[in-house]
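Reader: I have a structure open and want to learn how to read it. Can we go through it feature by feature?

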Amino acid sequence: MQLVTKFQERLRMSADEFLWAVSLVPHERLFLAPREDKWPVARLLFHLTLYEKTIALPTMCQWSGGAKSIVGTQEEGEARENQAWNEGQDHEIAALSEEFKAGRAEQIALLAELTDERLQERLPVLWGERSLQWVLTKTYQHTLEHTDEVLRAYLWWK
């Protein structure tokens, strides 16, 4: 269970770090793009929250007996996400943050039901046939990538 425990720690820590970075950005700047080619911090929070709910958690559920629930290509998913963002009336930061935390907590709890050996089993997922260890590493990397973007936005404005 050492690997499971390490991933639980990484998922918890990276979620905390991402939300901490978001909290650094003044509220009046959360919806402003720091540069022309970058998303606003609120959009990054929306993106990660949606990723956790529609990709990370459903993918992880396959290793605990859940059916494959991700349908379509990555491009189709991006189009659905863009539409959801553009149609959103009010992207409330506190609500998105809570939703992100809840999704991450579900992943951490799900991991407690699995063994280190199960993390090595390969299944077909969005990115091809991968192990759960790979999927967890991708989720961790993805969170760190966007944490970096939020911190860069914060520092850019200072």
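Reader: Along E1, which side chains point to one face and which to the other?

Author: Keep in mind that this is a predicted model. In E1 the side chains alternate. Leu 123 and Val 125 point to one face and are buried.

Reader: Which strand does E1 pair with, and in what sense?

Author: E1, residues 122–125, pairs with E2, residues 128–131. The sense is antiparallel, over 4 bridges. Two partners can be picked out. Arg 122 stands opposite Ser 131, and Pro 124 stands opposite Glu 129.

Reader: How many residues lie between E1 and E2?

Author: There are 2, and the two strands form a hairpin.

Reader: Now the helices. How far does H2 reach from its first C-alpha to its last?

Author: Compare the reach with the expected value. H2 covers residues 41–61, 21 residues in total. Its reach is 29 Å, close to the 30 Å expected at 1.5 Å a residue.

Reader: Where is the kink in H2 centred?

Author: On Glu 52, with a kink of about 45°.

Reader: Why is H2 described as largely enclosed?

Author: Count its buried residues. In H2, 18 of the 21 residues are buried, so the rest of the structure largely encloses this helix.

Reader: Is Glu 52 buried or exposed?

Author: Buried, since its relative accessible area is 1% and the cut-off for buried is under 20%. Next, list what the residue touches. Leaving aside neighbours within four places in sequence, Glu 52 is in contact with Leu 57, Pro 58, Phe 100, Arg 104, Gln 107, Thr 139 and Thr 143.

Reader: Which helix holds Gln 107, and what does Gln 107 touch?

Author: Gln 107 is in helix H4. This residue is buried too, with a relative accessible area of 0%. Beyond four places in sequence, its contacts include Leu 11, Ala 56, Met 60 and Thr 139, as well as Glu 52.

Reader: What tends to happen to nonpolar side chains?

Author: In soluble globular proteins, they tend to be buried together. Here is the case in this model. The largest nonpolar core has 21 residues. Phe 18, Val 22, Val 41, Leu 45, Phe 100 and Val 150 touch the most other members.

Reader: Which helices supply this core?

Author: H1, H2, H4 and H5 each supply at least two residues. The largest share, 7 residues, comes from H2. Another core, of 19 residues, lies apart from this one, and Tyr 51, Ala 56, Ile 108 and Leu 110 are among its members.

Reader: Last topic: confidence. Which helix has the lowest mean pLDDT, and which the highest?

Author: Where pLDDT is low, the predicted coordinates should not be read in detail. Among the elements of the chain, helix H3, residues 74–87, has the lowest mean pLDDT, 78. Helix H1, residues 2–24, has the highest, 97. For the protein chain, the mean is 90, and 93% of its residues reach 70 or more.

Conventions: Residues are numbered from 1 along each chain as its sequence is written. This is a predicted model: local features need pLDDT of at least 70, side-chain atom pairs count only at pLDDT 80 or more; totals for chains, interfaces and linings use all residues. Side-chain values use heavy atoms; hydrogens and water are left out. The expected span of a helix is 1.5 Å times one less than its number of residues. The bend at a residue is the angle between axes fitted to the seven residues ending there and the seven starting there. Buried means under 20% relative accessible area, exposed over 50%, partly exposed in between (1.4 Å probe, protein chains only). Two strands pair if DSSP finds at least two bridges between them. pLDDT is the predictor's confidence in each residue, from 0 to 100. A nonpolar core is a set of buried Ala, Val, Leu, Ile, Met, Phe, Trp, Tyr and Cys residues joined through side-chain atoms within 4.5 Å. Contact means heavy atoms within 4.5 Å.
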